[in-house]
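Hi there,

Here is the structure I promised to pass on to you. Have a look at it first, and my notes follow just below.

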Amino acid sequence: MASVKVNVIKRDNSDNYYARWVDPVTFRERRKSTKTKIKRDAERFALRLEKEINEGSYYDLSKTKWADFKERYETEVFPGFAEDSVVKANLIFRHVEAIINPNLLIQVDADAISKMVKELRERGLEDVTIKGYLIYIKAALNWAYEINMLPSVPKFPKFKRIREEKVMRGRPICLEEFERMLDAVPGVCGEKQADSWKFHLRGLWCSGLRLKESLNLYWDRED
């Protein structure tokens, strides 16, 4: 965490001095009344506050909001992602919000993650897909921990080894290969069906769903 500087200011609507600084977690400006009209006392207050912030005793990391974390992750980490990775990360964050619905970042804990895995399985997602989702979530929480937005990273559930017949025998296709696949769709399916197949393929590409999972996906059913 970068060193924080606390300044003393005077507001027009108050006789007391205020301490002002930039929140190292949210990057928003913060103000706190020094509860004194005497500038020297206010400066002493600001120095004490500055020391507490920089030593880590002022902020309770357990109160970091999910929205603040997400905003910083999107602005600081997403720019380094490929476009498709951003789409997938956003999809995973939506799953977190729909299933865990965290107000605080710390609510994305081991218990909540375990329940999320259970819910995703009940929705028909296979462990291979879910495990891929958890990799994104763990990376995001590790980042939050490294920049002091989270006091610790929760434990993640372990998956039993996937049976031999379910192990992927090929490799993920690259973007160029995917684009060539889209270009080939009209010749395989015909112009009339091309748009619907391209839509389906893009959904598979962005979501990480397996073919069987995608065929069980509905927009108008809650189950």
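Of the contacts in the protein chain with a separation of 6 or more, 53% are between residues 24 or more positions apart, a contact being heavy atoms within 4.5 Å. Please keep in mind that this is a predicted model, where local features need pLDDT of at least 70 and side-chain atom pairs count only at pLDDT 80 or more, while totals for chains, interfaces and linings use all residues. Residues are numbered from 1 along each chain as its sequence is written, and side-chain values use heavy atoms, with hydrogens and water left out.

The overall make-up comes next. The protein chain has eight helices and three strands; these are DSSP runs numbered from the N terminus, with helices being H or I of at least four residues and strands E of at least two. From the N terminus on, the order is β-β-β-α-α-α-α-α-α-α-α. Buried residues make up 33% of the 223 residues. Here buried means under 20% relative accessible area, exposed means over 50%, and partly exposed lies in between, with a 1.4 Å probe and protein chains only. The accessible surface of the protein chain comes to about 15,100 Å², and 50% of that belongs to carbon and sulfur atoms. Those areas come from the Shrake-Rupley method with a 1.4 Å probe, and for residues only the protein chains shown count as cover.

The three strands form an open sheet in the order 1-2-3, with antiparallel pairing. Strand 1 (7-10) and strand 3 (29-33) are at the edges with a single partner strand each, so one side of each has no neighbour in the sheet. From one strand to the next, the twist averages 35°. Strand 2 (residues 17-22) is joined to strand 3 by five bridges; two strands pair if DSSP finds at least two bridges between them. Within this pairing, Tyr-18 stands opposite Ser-33 in strand 3.

Helix 1 (residues 39-55) lies across strand 1, strand 2 and strand 3, and runs at about 30° to strand 2. For such angles, axes are lines fitted to C-alpha atoms, for helices over the stretch in contact, and the angles run from 0 to 180 degrees between N-to-C directions. Helix 2 (residues 66-76) has Trp-66, Asp-68, Phe-69, Lys-70, Arg-72 and Tyr-73 as its buried residues. These pack against helix 3 (83-99) and helix 5 (127-146).

The structure holds nine salt bridges, each a side-chain nitrogen of Lys or Arg within 4 Å of a carboxyl oxygen of Asp or Glu. In one of them, Glu-29 meets Arg-31 at 2.9 Å, N to O. Glu-29 is partly exposed because its relative accessibility is 47%, and Arg-31 is partly exposed at 41%. Another joins Asp-41 to Arg-44, with the closest N and O atoms 2.9 Å apart. Those two are three residues apart in helix 1, so about one helical turn separates them. Glu-119 and Arg-123 also form a salt bridge, at 3.1 Å, N to O.

Cys-189 is partly exposed at 28% relative accessibility, and Cys-206 is partly exposed at 22%.

Best wishes
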